[in-house]
Amino acid sequence: MLGHAGQIEAVVSAARDGMARHATGAMGRVRLGTGATACTFLLPPILRELRRRFPTLEITVSTGNTSDMVKAIDENLLDVGLLSLPVSGRILEITPVLEDEFVVIAPPEMRLPARVTAAVLSGLPVLLYEPGGNTRRIADEWFARGGVALKPVMSLGSVEAIKEMVGAGLGCAVLPGMAVSKDKNRESFVTRPLSPRLHRMLAVVIRRDKLLHRGLRETVKALKSLSEGAQGVEGGLAGEGRETS
């Protein structure tokens, strides 16, 4: 019974949402989970467009580490996630949508080569994202592959805080490219690519058996549209779950 309880609750919830939409014209509720960086730099235009097209659609966004988001999706506490890979789970549909390349940012006065290696950074003060999440894990593994056991001068939980520290001249930082590509204060730091190249893949994650009411279906479609025009993104797994009327 416990094994079926989550599915029973999801079906009942979907039925209630469907009846409410017929009665009120509402699009239903979508619970979306993602990382803080994607929430800040990717989601705003997507959510704005969804809001414009579907004013009655209610979207709640939770941020956290990928492992926590995956657990919440598996337990039907979240409907869908935009998460950094790797993600695993036999019950999950995982669709890669966007490749995000990491870069180094540094104060303008810090002289850096055209492409920055782990060895170069080993002799500089480096700021990194705090341990525990995929962003820090990816950076740590890149340094390890370069033979560098880096001890950052500072670890922070906010990309914006890291950029402020770099702008204040406290060191350089390894960050996801999406966090700096459209930054309004880019004159406060310089950007360099890493050598060898470092990137992460973002994916749309949802339970394969998820009942897709219209609001959730449109949200998943909008998230998957991130793959349009993206370079180096491979196709996702087939299937979109079952729709409800």
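This is a predicted model: local features need pLDDT of at least 70, side-chain atom pairs count only at pLDDT 80 or more; totals for chains, interfaces and linings use all residues.
1. Isoleucine 8 belongs to helix 1, which covers residues 2–24. The relative accessibility of isoleucine 8 is 45%, so this residue counts as partly exposed; the exposed class begins over 50%.

2. The protein has 245 residues, and 43% of them count as buried. Its secondary structure consists of 8 helices and 11 strands. The accessible surface comes to about 12600 Å², and carbon and sulfur atoms account for 53% of that area. Taking contacts between residues at least 6 apart in sequence, 80% join residues at least 24 apart.

3. Strand 4 deserves attention. Of its 15 residues, 13 are buried, so strand 4 is largely enclosed by the rest of the structure. The strand runs over residues 92–106. Among its pairings are those with strands 9, 7 and 8, taken in turn below.

4. Strand 4 pairs with strand 9 in the antiparallel sense, over 9 bridges. Within this pairing, proline 96 has alanine 203 of strand 9 as its bridge partner.

5. With strand 7, residues 172–176, strand 4 also pairs in the antiparallel sense, here over 4 bridges. Valine 103 is placed opposite leucine 175 of strand 7. Strand 8, residues 190–193, is likewise joined to strand 4 by 4 bridges, and the two run antiparallel. In that pairing, alanine 106 has valine 190 of strand 8 as its bridge partner.

6. Strand 7 has a further neighbour. It pairs with strand 5, residues 126–129, in the parallel sense over 2 bridges. Leucine 127 is bridged to alanine 173 in strand 7. As for cover, 5 of the 5 residues of strand 7 are buried.

7. Which residues touch the most other members of the largest nonpolar core? They are Leu42, Val80, Leu82, Val204, Leu216 and Leu223, out of 24 residues in that core. At least two core residues each come from strand 1 (29–34), helix 3 (43–53), strand 3 (80–84), strand 4 (92–106), strand 9 (199–207) and helix 8 (214–224). Helix 8 gives the largest share, 4 residues.

8. The buried residues are Gly215, Leu216, Glu218, Thr219, Val220, Ala222, Leu223 and Lys224. Two of these names, Leu216 and Leu223, were already listed for the largest core.

9. Where does leucine 216 make its contacts, leaving out residues up to four places away in sequence? Leucine 216 touches Val30, Asp79, Val80, Ile206, Lys210 and Leu211. Of these, Val80 is itself among the residues that touch the most other members of the largest core.

Conventions: Residues are numbered from 1 along each chain as its sequence is written. Side-chain values use heavy atoms; hydrogens and water are left out. A nonpolar core is a set of buried Ala, Val, Leu, Ile, Met, Phe, Trp, Tyr and Cys residues joined through side-chain atoms within 4.5 Å. Buried means under 20% relative accessible area, exposed over 50%, partly exposed in between (1.4 Å probe, protein chains only). Contact means heavy atoms within 4.5 Å. Accessible areas come from the Shrake-Rupley method with a 1.4 Å probe; for residues, only the protein chains shown count as cover. Two strands pair if DSSP finds at least two bridges between them.
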